[in-house]
There are 2 protein chains.
Amino acid sequence: MSGMATADTALRADARRNRDAVIDAAGALFAERGDDVQMGEIAQRAGLGVGTLYRHFADKQSLRAAIIGRRFEAMAELARSCAQVEDAGDAFESLLLGYLSEVEKDVAFRVALLSPTPAHWDDIEKQKESFSAAVSEVVDRAVTEGHLRADFTAADFILVTRGTIANMTEEGDWRRHLTLQLEGALTKDAPTKGAPTRGAPGQSPRDSGR
Amino acid sequence: MSGMATADTALRADARRNRDAVIDAAGALFAERGDDVQMGEIAQRAGLGVGTLYRHFADKQSLRAAIIGRRFEAMAELARSCAQVEDAGDAFESLLLGYLSEVEKDVAFRVALLSPTPAHWDDIEKQKESFSAAVSEVVDRAVTEGHLRADFTAADFILVTRGTIANMTEEGDWRRHLTLQLEGALTKDAPTKGAPTRGAPGQSPRDSGR
DNA sequence: CTAGATTCGGAACCGGAATTCAGGTTCATA
DNA sequence: TATGAACCTGAATTCCGGTTCCGAATCTAG
């Protein structure tokens, strides 16, 4: 029931240093180009030989898992910290925005978030749950205080963010999408935008985005 | 109407038959397992040798493009047909639901919809535009008649559907996500759920076309 | 029915990327 | 400092799936 993960196994000083270098290099590269990065490139960027990567990670898959794991860990951390924020609305907002802006920086993470979890990932499944729990806290509080529709849940948070993430591409502007979703998710007063419900005097159909 | 793409080039009878077989096989396989299907498997399922696939398509990429192209074509068709529906609300609803339920059946199509278009795809870009135009018609009409928020556009339709598609996975239930989005996108009455605000005519389990 | 062009089959070929491994090198302890 | 375990390197190897190639099989015009 304890130190199981990767950590403390008394590595030789240089070994640990190198392992970290690998993680950094891989993290950066994956974040930038997703999965299409080759082991050789990672090694190079870390200033090491490929063999070294394999001394620390069984295979590419494991390396990636380690990287993604970190991200999840960080997100769980973020969620926990947001759960401490006084105002429920602020807590929710900072979680939502914080999460998304973090995700925005990492292609590989995005891919991981959009694809069904690859089975053997179950140690990451842990982190996910931890994250989910914290999110739940924040969401529930926001619901209770009337910032979100009464039936909104942590699962919905995932749905909404996943949707937004799917629109983090060249053309599709995810903030717009988020707004669209929120103004339905947010409790009905929505001061954010001026979305007039009333009669619709002719609006010009040909109207480009912003 | 006009004969367009690759079609009628006077192929030997059996050749055309085989080509169709390839398209069917590939279509089914891609729809089921996305990109991780090998040429050999497609050939086998079509009851042909790999060589034959290459007689009809330059490479795997082209084959896939052909398949995806069909789907887009079909969607454009769907959109055009929905544009004919009398009631603007019904038109929008049937387009939205029709589109999504079609997409739901095809993994490869989903992937194509979520990933940035691979450059050389430009003949597909055509179909996309055609689709987009028809969607625009439907959407604009729905907006004018007050079924959708005034600033809703065809681009938003893409955002919303893409978001929904991203949630077409094992656990995440996309219908719920769609509801969440709609109740913000739809003009402000939304009584569907036990939301704290007032209510008006609903809109969730509507009828389906006529 | 026959010749010649088309099309088919599928084993062999290839390129690219992950993974291995046989030394050389570096750390840490006595 | 000396010594051996731990670690590193990177060329060689393995894997894997797309693509090619050409004799064999099939069509169709005449």
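Analyst: In this predicted model, a polar backbone atom of A:Gly51 is 3.3 Å from a base oxygen of DNA strand D. The side chain of A:Asn18 places an N or O atom 2.2 Å from one phosphate oxygen, and A:Gly49 has a backbone N or O atom 2.8 Å from a phosphate oxygen.

A:Asn18, A:Gly49 and A:Gly51, along with A:Thr52 and B:Lys60, come nearest to DNA strand D among the 21 residues around it. By residue type, the surface near DNA strand D divides into eight nonpolar, seven polar and six charged residues.

Both chains contribute to this surface. At least two residues each come from H1 and H3 of chain A and from helix H1 (13–33) of chain B. H3(A) supplies the largest share, with five residues.

The buried residues of H2(A) pack against H1 (13–33), H3 (50–56) and H4 (60–84) of chain A. Helix H2 itself spans residues 39–46, and its buried residues are A:Met39, A:Ile42, A:Ala43 and A:Ala46. These four lie on the same side of H2(A), because they cover an arc of only 100 degrees around the axis. After H2(A) comes A:Gly47, with a positive phi near 70 degrees.

Chain A contains nine helices and zero strands, so its pattern along the sequence is α-α-α-α-α-α-α-α-α. Of its 210 residues, 41% are buried. Among contacts in chain A with a separation of 6 or more, 64% join residues 24 or more positions apart. The chain exposes about 11,300 Å², of which carbon and sulfur atoms supply 52%.

Beyond its neighbours within four places in sequence, A:Thr164 is in contact with A:Leu100, A:Trp174, A:His177, A:Leu178 and A:Gln181.

Conventions:
Residues numbered from 1 in each chain as written. Chains lettered and ligands numbered in written order. Predicted model: local features only at pLDDT ≥ 70, side-chain atom pairs only at ≥ 80, totals over all residues. Heavy atoms only, no water. Buried < 20%, exposed > 50% of the residue type's maximum accessible area, 1.4 Å probe, protein only. Arc of directions from axis to C-beta. Contact = heavy atoms within 4.5 Å. Areas by Shrake-Rupley, 256 points an atom, 1.4 Å probe, with all protein chains shown as cover. Near = heavy atom within 4 Å. Polar contact = N/O pair within 3.5 Å; in protein donor to acceptor, adjacent residues only side chain to side chain. Nonpolar A, V, L, I, M, F, W, Y, C, P; charged D, E, K, R; others polar.
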